[in-house]
Amino acid sequence: MYSMTELLEIQNAEKSIDSLMVELKASCDDIAQKQQSIDNTIDKVEASISEFEYDVLVWNSPKSKHFEKDDPYGLANVSEEHTALTESVAWQIYDNCDYYHKQIIRYSKSEDLYQMSEDGDILAEESNEDALN
């Protein structure tokens, strides 16, 4: 059995641990926010110095919503189009999207900021036939 003094010490230690855990969580949350800010800054810098822009095209609508019923991978059936991205953001979207078909495309930046180069290079493309149905 514990004496009253020992029980009070244990209770105070538990309160101290709880308080430290709250402070630790707040610090972790603060670090996560700062990391997100750093990541956003890096993306902006990459975008400004890169000679390329990236697009991600995602097909994930059911067949009943297709405009081109006989061509499920046709551009008319694209569900999501993410354009003028940095490479890291494009890969993040590509790697984390729901899809039955997806592509990541790299374009050379044009001198005219409002006009992309006509031809892009498909860097990756993947199909998931099971998700099409």
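Because Tyr 73 belongs to the loop between strand 1 and strand 2, while Tyr 100 belongs to the loop between helix 2 and strand 3 (101-108), the pair ties together parts that are 27 residues apart in sequence. Tyr 100, with a relative accessibility of 1%, counts as buried.

## The pair within helix 2

Trp 91 and Tyr 94 also form an aromatic pair, and since their ring centres are 5.5 Å apart with planes at 80°, the arrangement is edge-to-face. Both residues lie in helix 2, where a spacing of 3 residues separates them by about one helical turn. Trp 91 is partly exposed, at a relative accessible area of 28%, whereas Tyr 94 is buried, at 4%.

## Charges over rings

The ring of Tyr 94 has a further neighbour, for the charged end of Lys 102 sits over it at 4.2 Å from the ring centre. Elsewhere, Arg 106 lies over the face of Phe 52, and the distance to the ring centre is 4.4 Å.

## The largest pocket

Phe 52 is also one of the residues that line the largest pocket, among them Glu 46, Tyr 54, Leu 85 and Lys 109. The space in this pocket amounts to about 150 Å³. Helix 1 (4-49), strand 1 (52-59) and strand 2 (80-85) each supply at least two residues of the lining, and strand 1 gives the most, with 3 residues. Sorted by class, the lining has 5 nonpolar, 2 polar and 4 charged residues.

## Confidence in the model

For the protein chain, the mean pLDDT is 85, and 91% of the residues reach 70 or more. Confidence is highest in helix 2 (residues 87-96), with a mean of 94, and lowest in helix 3 (residues 129-132), with a mean of 72. Where pLDDT is low, the predicted coordinates should not be read in detail. Helix 2, where confidence is highest, is the helix that holds Trp 91 and Tyr 94.

Definitions and conventions: Residues are numbered from 1 along each chain as its sequence is written. This is a predicted model: local features need pLDDT of at least 70, side-chain atom pairs count only at pLDDT 80 or more; totals for chains, interfaces and linings use all residues. Side-chain values use heavy atoms; hydrogens and water are left out. pLDDT is the predictor's confidence in each residue, from 0 to 100. Helices (H or I, at least four residues) and strands (E, at least two) are DSSP runs, numbered from the N terminus. On a 1 Å grid over the protein atoms alone, a cavity is a set of points where a 1.4 Å probe fits but cannot get out, and a pocket is an open set with protein on both sides within 12 Å along at least five of seven lines; lining residues have an atom within 4 Å of a point. Grid points are joined across faces, edges and corners, and a volume is the space filled by probe spheres set on the points. Ala, Val, Leu, Ile, Met, Phe, Trp, Tyr, Cys and Pro count as nonpolar, Asp, Glu, Lys and Arg as charged, and the others, Gly among them, as polar. Buried means under 20% relative accessible area, exposed over 50%, partly exposed in between (1.4 Å probe, protein chains only). Rings of Phe, Tyr and Trp (its six-membered ring) pair if their centres lie within 6.5 Å; planes under 30 degrees apart count as stacked, over 60 as edge-to-face and the rest as tilted. A charge sits over a ring if NZ of Lys or CZ of Arg is within 6 Å of the ring centre and within 35 degrees of the ring normal.
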